[in-house]
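Let's take a walk through a protein fold, one piece at a time.

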Amino acid sequence: MSSLKEIAKLAEVSVSTVSNVLNGRKNVGKDTRERVLRICSEQGYFPNKAAKSDHSNTIIFVFSDFDRDYYLKIIKGISHCLTENGYDLIICTSKSSANFMRSKFASGTISLDRHMTDDYLISVATPQFPVVLMDRIIDNAFANTKSVLVDNYPVMCDMVQALVDKGFRSFGFMGGLEFTLDHKERYAGFVDTLEKNGIIFDRRNYFHGDYSEESGYQAAKILILGNSLPEVLVCANDNMALGAIKAFEENGLRVPEDISVTGFDNSDAAAMAGLTTIAIPRYESGYLAAKELLGMIKGTTGKEPFKLSATIQWRKTVK
C-alpha cells in the first residue's frame, strides 16, 4: 500500500492536495481530483475511515503569550510541516485546550505554554497522544514527551564573551520569569562567562521581568534611579530590551553612547530598532516540532531533546 507522499508524487501534486481530495474538500479542480482518486485506486490507497475516528489527522498547538510577535513564525513552520504531511492544525489557548487534549479529537499536541503544569502535561502525554514541548523539558522517563528547544547557554556565553572582548567590564542583567528554562539557561551563560573572565557581577544590577516590554520599561526606570548605570545591559529577550531603551531615552540617556543594550529572540521590532540580539530560528523550530511530533505518532523517533543553535546579530545598540 502506497503512502500519502507517494500518491502525491505519482499525481504530481502536493500532499495537501491529496489530503483535500481524500477528505472531500471542494478546493480542488475536477481533473486533479479524478487523477488523484484514480491513482489511489491503482495503488490500493484508501484511508480507513473507521480507524480515523481513533487516530485523527489533527494536531493541536497550545500557546498563551499573544504579545510576542515571533509566535506567528512558529505557527507558520508548524502549519507548513503538517500540511505537507496531510495533517490539520488546531490552535488554542491553555484555557480551551483541556476540551481537546483528553479526547480522540487529535493525534498529538505541540505545547508552548508556560501556564501548563508538568503534572498536567504528563497526564495527557500517553502512547496514543504524544506531546512535543517547545522551550521546556519535563524530567519524567515515563511521559510520552519530546522537547524541541533553543540551545540558549552556548550562544549567550558567546555574546557575553564578545562584549568582554570589546572592553565592557560593568554589566547589568534583565531576566524573565525565573522558573522558565529560557531564563535559567540565559542567565547561567551570562554569569558563567563573566566568572571565567574574572569579572564580578554586581547583583544590584540584576533585574527580572515577565518578558513583556512594560516589565523592561519599569525595571530600567528602577535601574536609572540607582544612579550607577552599568556599561551594558544584557536582556533575556527583545521585548524587555526595547522597553528598557524606551525608559533610557525618556530620561535623556543615549543608547549606546551612555549604555549599551542587548536582547534575545531577533523579533521584527528588534530589527527595526537596530537592537543587538540573538536570532532564534523560530520558523524552523515550529517546523521541527511538528516533524518530531509526527515521528512520535509513527513511532520513528525517540524522546531525546532536539536542540537548535542560535546566532548573534550585532546592531547599533552596542558601541
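## A strand on the inside

Let's start with β3: five of its five residues are buried, so this strand is largely enclosed by the rest of the structure. "Buried" here means under 20% relative accessible area, while exposed means over 50% and partly exposed is in between, using a 1.4 Å probe and protein chains only. Strands (E, at least two residues) and helices (H or I, at least four) are DSSP runs, numbered from the N terminus. Gly108, Ile110 and Leu112 point one way from β3, Thr109 and Ser111 point the other way, and all of them are buried.

A quick word on what you're looking at: this is a predicted model, where local features need pLDDT of at least 70 and side-chain atom pairs count only at pLDDT 80 or more, while totals for chains, interfaces and linings use all residues. Residues are numbered from 1 along each chain as its sequence is written, and side-chain values use heavy atoms, with hydrogens and water left out.

## The neighbours of β3

Which strands does β3 pair with? On one side of the story there's β1, joined to β3 by five bridges and running parallel. Two strands pair if DSSP finds at least two bridges between them. Look for Phe63, whose bridge partner in β3 is Leu112.

Then there's β4, also parallel to β3, with three bridges joining the two. Here Ile110 stands opposite Val132 of β4.

## A helix packed inside

Now find α13 (residues 282–298). At 1.5 Å a residue, its 17 residues should span 24 Å, and its end C-alpha atoms are 24 Å apart, which agrees. The expected span is 1.5 Å times one less than the number of residues.

Is α13 enclosed or open? Twelve of its 17 residues are buried, so α13 is largely enclosed by the rest of the structure. Among the buried ones are Arg282, Gly286, Glu292 and Ile297. The buried residues of α13 pack against several elements, including β1 (58–63), α5 (71–84) and β5 (145–150); contact means heavy atoms within 4.5 Å. Just after α13, Gly299 takes a positive phi of about 75 degrees.

## Another sheet

Four strands form an open sheet in the order β7-β6-β8-β9, with parallel pairing. The edge strands, β7 (206–208) and β9 (260–262), each pair on one side only. Within this sheet, β6 (residues 171–175) and β8 (residues 232–235) are joined by four bridges, and Phe173 has Val234 of β8 as its bridge partner.

## A buried asparagine

Asn152 lies in helix α8 (residues 152–165). Why does Asn152 count as buried? Because its relative accessibility is 1%. Its side chain makes a polar contact of 2.7 Å with that of Arg186. A polar contact is a pair of N or O atoms within 3.5 Å; within protein, one must be able to donate a hydrogen and the other to accept it, and residues adjacent in sequence count only if both atoms are side-chain atoms.

## The whole protein

Zoom out, and you'll find 13 helices and twelve strands. Of the 319 residues, 52% count as buried.
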